[in-house]
Amino acid sequence: MEPVTEKLILSNVKKSFGQTSVLTNVSFGVTDGSLLTILGASGGGKTTLLRLIAGFETLDAGSIVMNGREVSSSNMSVPPEKRNVGFVPQEAALFPHLSAKKNIGYGLSHLNSKARNDRIAELLDLIGMSELGDSMPDKLSGGQRQRVAIARALAPNPDILLLDEPFAALDAQLRSRLRDDVRAILSKAKATAILVTHDQEEALSIADQVAILRDGTVAQIGSPRSIYSQPIDVELAKFLGDAVVVSGVIQNGKVSTQLGDLIPIVSHAEGLVGQVAIRPENLYLQPDPKGLATVTARQYFGHDALVEVKTAAGIVKARTSGPISPEIGMRVTVWVRGSVNFYATD
Amino acid sequence: MAGFGIFITLLPLLYVLLRTSQIGYAHLADIIFSARTLELVANSLALTIAVSITSMILGTAQAWLCNRTDLPNKRLFQVGAVLPLAFPSYVLAFSWLAFNPSINGFFGAWLVLSISTAPFVFLAVTAALSRHNSSSEEVARTLGKTQLEVARGITWPAIRPAVLGASLLVSLYTLSDFGAVSLMRYDAFTRAIYNAYRASFDRNTAAALALVLILITLVLVGIQRRISQTEVTKSSEQYRHMVTRLGMWRKPAQLLLVVWFSIGVVIPISSISYWIFVGQSSANSGQVLRALLNTLSYGLVGGIVVSLIGLAIAIIVVRYVSRYIVQVEQSVYLTHALPGVVIALAFVFLVNQSVPALYQTSFLVIIAYIALFLPNALAVLKVPISQVPTGVEEVSRTLGSSPMQTIWRVIVPAARPGILSAGAFVALTVIKELPATLILRPTGIETLATRLWSATSVGSFGAGAPYALLLIIVAGIPALLVNREIKSPRNQSSLEPASNETLNQVKPHIGQTLSRAQAGGTSD
């Protein structure tokens with residue numbers, strides 16, 4: 001990692017409101033042109049983090065360096081209007097008295113009218129709303145408003161774009177479509193962006209990097225794939241998606257569990273006791289009249305199904321292909337595909 | 001600017017407290033516990049109680065009949081019930097005196113103030129009824145309760161806070177009214193204070209009486225606060241409402257509404273019209289025109305000044321709210337309950353002691369308007385300001401605008417339609433104002449209100465009629481229309497639902513806002 005390409009660096013950021021400590025120690029960097037999602041539970045300080053970066057809040061300790069310039073420290077804070085950040089709040093917050101065009105042009109008052117209009121046209125094109133430039137916000141749909149809000153934030157070429165749960169107010173279908181669009185818009189604009197969300201699927205699907213915010217600090221940061229497949233502890237594994245947790249012990253380099261001997265991703269000392277977390281999609285159910293496990297319940301989704309199986313290790317959930325999922329009452333043998341994460345208990 | 005406005009608003013209250021503290025306890029006690037003061041207390045309380053009960057019963061009955069029964073032409077009666085709001089109380093007093101001069105004293109004041117205040121109760125109860133979901137009443141019926149039992153057990157508890165809250169508002173209005181009681185020659189507090197000042201420039205008596213009036217007012221304000229806090233807020237969903245069949249009561253109910261409408265609207269209008277025809281010659285058209293221009297100028301200047309200060313405070317309170325500021329805002333509302341006479345006299349004394357040159361100048365009139373109407377302005381201006389979606393300021397900041405630029409580029413333009421109607425409302429309220437204008441205006445400057453007051457005082461109804469009519473046309477009816485405008489939350493709400501936090505910040509004030517807006521603030 002070359003430090004030169006870090007567009008934004010947070011070091012040991014602390015923030016509390018009165019007695020409540022919201023951020024205890026947050027450090028991370030964002031690479032130029034990349035999209036970082038910050039994933040955390042509601043009320044976990046995600047929004048506070050964004051507001052610190054935007055300059056709406058002052059931090060108690062630590063520093064924020066943007067584009068090589070320190071913008072926040074415990075005794076100094078550059079005001080939001082001098083930071084060159086773009087901000088997209090949850091409810092778009094378009095200026096209700098201005099048309100889409102004028103909303104986008106709001107931050108471009110330093111340009112002459114020719115340059116401003118060109119930039120507005122360029123952005124309207126980028127968000128695919130060239131025909132709707134003169135519409136007032138109340139005539140736009142939720143998704144269109146969110147797009148205008150993003151264009152408005154991108155217009156002055158911000159060093160970093162901050163998106164605060166931008167899809168939370170939209171319905172599920174619109175959300176996933178807009179997510180793809182935003183990904184495309186951001187990469188076309190080569191923007192560096194931070195998006196906060198409490199939605200695991202959203203965080204994983206849109207990001208280059210995911211940071212998990214937990215207990216006021218970054219618990220884990222990495223690519224979506226590494227975050228999902230190698231969470232650093234059982235709690236995170238469960239937070240990021242369904243996980244079957246069984247206890248095991250290291251014997252002969254393998255994890256011996258009631259679901260069989262499993263291969264750990266990293267090797268561990270012999271005799272170590274702990275837990276493994278297995279994703280439902282990594283469990284394979286083989287129909288077997290002599291199998292020791294029984295199917296007890298099934299949630300059918302069409303393309304796949306979530307099957308509950310009673311095993312010696314208790315009830316586990318397995319994801320199976322929809323068309324070939326086993327029926328309730330069937331006896332099966334449970335296999336674990338691939339290697340697993342082993343977490344020693346201390 | 002905001003600080004200046006709040007300072008001006010608090011000035012009269014501070015002054016009265018200071019002034020009475022200078023009188024000395026013995027003398028103060030002499031005045032307060034004199035037979036004369038006790039008589040005034042009894043008079044004012046009798047009138048206040050009589051008016052409150054009358055308008056509570058009539059307003060509630062009107063609201064229920066016009067909203068929840070099978071009475072024909074309900075819409076028409078709804079409009080009729082609100083129409084008296086177009087008459088300032090002294091215009092009503094004029095019209096009834098002109099109709100029959102023997103209607104005066106307690107009966108006259110009671111009649112006129114009941115007409116003036118019943119619409120407040122009507123509006124508050126109508127709002128409560130439309131918020132109340134009828135399905136609970138329907139469930140009660142299916143559980144074997146009769147209509148009457150349902151009305152007593154389900155409907156009444158739901159509207160009770162509104163009825164009581166509005167009735168207390170009515171009592172505050174009655175207590176502080178100057179125009180109607182003085183024209184009706186009823187010896188209530190406001191008239192006595194004015195007379196004490198007029199007759200002898202007796203500051204001690206006027207100040208001591210004002211103090212007693214303030215104390216009574218504060219008690220009522222305290223009770224009102226408590227009641228309005230317990231008000232249940234329901235969601236704004238559209239509910240279906242159960243309709244009560246009146247059966248044989250239909251005719252009497254109709255008769256009640258028609259009779260009350262005649263008393264409150266038909267007779268006043270007819271009486272004014274009659275005197276305009278009969279007494280045409282006794283009004284000087286040049287005088288009328290000058291009074292109209294003076295009135296409009298005071299309305300315009302006062303409206304603009306008060307609205308600008310109100311706007312500044314509204315923006316601070318709504319968009320940058322903090323605990324400290326909320327308390328300051330509450331103090332503004334406290335002064336609001338003070339009668340106009342008291343505020344005006346406080347300014348007279350204050351100016352005479354410190355800057356005598358300001359006495360009887362238009363400047364002082366405007367200053368008094370600030371003290372009188374800033375709370376109204378604040379209440380109506382907070383609505384449009386709070387309807388600007390949350391988060392826009394922050395977005396504006398990140399796009400390079402300073403906090404000040406953000407106010408001018410985003411908040412004010414986004415709320416502009418609402419700000420303009422609120423400003424118009426304030427200007428119209430100023431136009432109707434009587435006591436402060438009467439006491440503080442420069443010698444020789446007459447407004448519609450002061451001309452009407454003088455003409456009625458000497459019983460020349462023909463001379464007064466044109467002013468009464470003009471007041472209804474330039475102030476009363478427009479105020480009624482603008483008030484409707486302010487109350488209907490238009491376009492903005494469809495845009496983005498404000499976040500829960502904002503709603504919660506704003507909610508407690510909306511009830512206040514409406515009642516204040518309807519009250520047209522201080523009485524006349």
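1. Over how many bridges do strand S1 and strand S2 of chain A pair in the antiparallel sense? Strand S1 (residues 6–17) and strand S2 (residues 20–31) of chain A pair over eight bridges. For the terms: strands (E, at least two residues) and helices (H or I, at least four) are DSSP runs numbered from the N terminus, and two strands pair if DSSP finds at least two bridges between them. Within this pair, A:Ile9 sits opposite A:Gly29 of S2(A). S1(A) and S2(A) make a hairpin with two residues between them, and A:Gly18 in the turn has a positive phi of about 60 degrees.

2. Before going on, some housekeeping. This is a predicted model, in which local features need pLDDT of at least 70 and side-chain atom pairs count only at pLDDT 80 or more, while totals for chains, interfaces and linings use all residues. Residues are numbered from 1 along each chain as its sequence is written, with chains lettered from A and ligands numbered from 1 in the order in which they are written.

3. Now for confidence. The model scores ipTM 0.78 and pTM 0.77. Chain B averages a pLDDT (the predictor's confidence in each residue, from 0 to 100) of 80, and 85% of its residues score at least 70. Two stretches to treat separately: residues 231–236 of chain B stay under 50 and have eight contacts beyond four places in sequence. Residues 489–522 of chain B are also below 50, with 61 contacts in the model beyond near neighbours in sequence. A contact here means that the C-beta atoms of two residues, placed from the backbone, lie within 7 Å.

4. Back to chain A and its sheets. One open sheet has five strands in the order S14-S13-S12-S15-S21, paired antiparallel. Strand S14 (260–262) and strand S21 (341–344) each have a single partner strand, so they stand at the edges with one side lacking a neighbour in the sheet. The twist averages 40 degrees from one strand to the next; axes are lines fitted to C-alpha atoms, for helices over the stretch in contact, and angles run from 0 to 180 degrees between N-to-C directions. Strand S13 (residues 254–257) is joined to S14(A) by three bridges, and A:Val255 stands opposite A:Leu262 there.

5. Another open sheet of chain A has five strands ordered S16-S20-S17-S18-S19, again with antiparallel pairing. Its edges are strand S16 (283–287) and strand S19 (314–321), each with a single partner, so one side of each has no neighbour in the sheet. Here the twist averages 40 degrees from strand to strand. Eight bridges link S18 (residues 304–311) to S19(A), which run antiparallel, and A:Val307 faces A:Ala318 across that pair.

6. In chain B, look at helix H15 (residues 340–354) and helix H16 (residues 362–387): their axes come within 10 Å and cross at roughly 135 degrees. They are therefore oblique to each other, the class left over once under 35 degrees is roughly parallel, over 145 roughly antiparallel and 65 to 115 roughly perpendicular. Among the residues making the contact are B:Ile343 and B:Phe347 of H15(B), and B:Leu364 and B:Ile367 of H16(B). By class, the contact has nine nonpolar, one polar and no charged residues. Nonpolar covers Ala, Val, Leu, Ile, Met, Phe, Trp, Tyr, Cys and Pro; charged covers Asp, Glu, Lys and Arg; the others, Gly among them, are polar.

7. Finally, the interface: 19 residues of chain A are in contact with 22 residues of chain B. Strand S7 (residues 85–88) gives the largest share of chain A's side, three residues. That side has 13 nonpolar, three polar and three charged residues.
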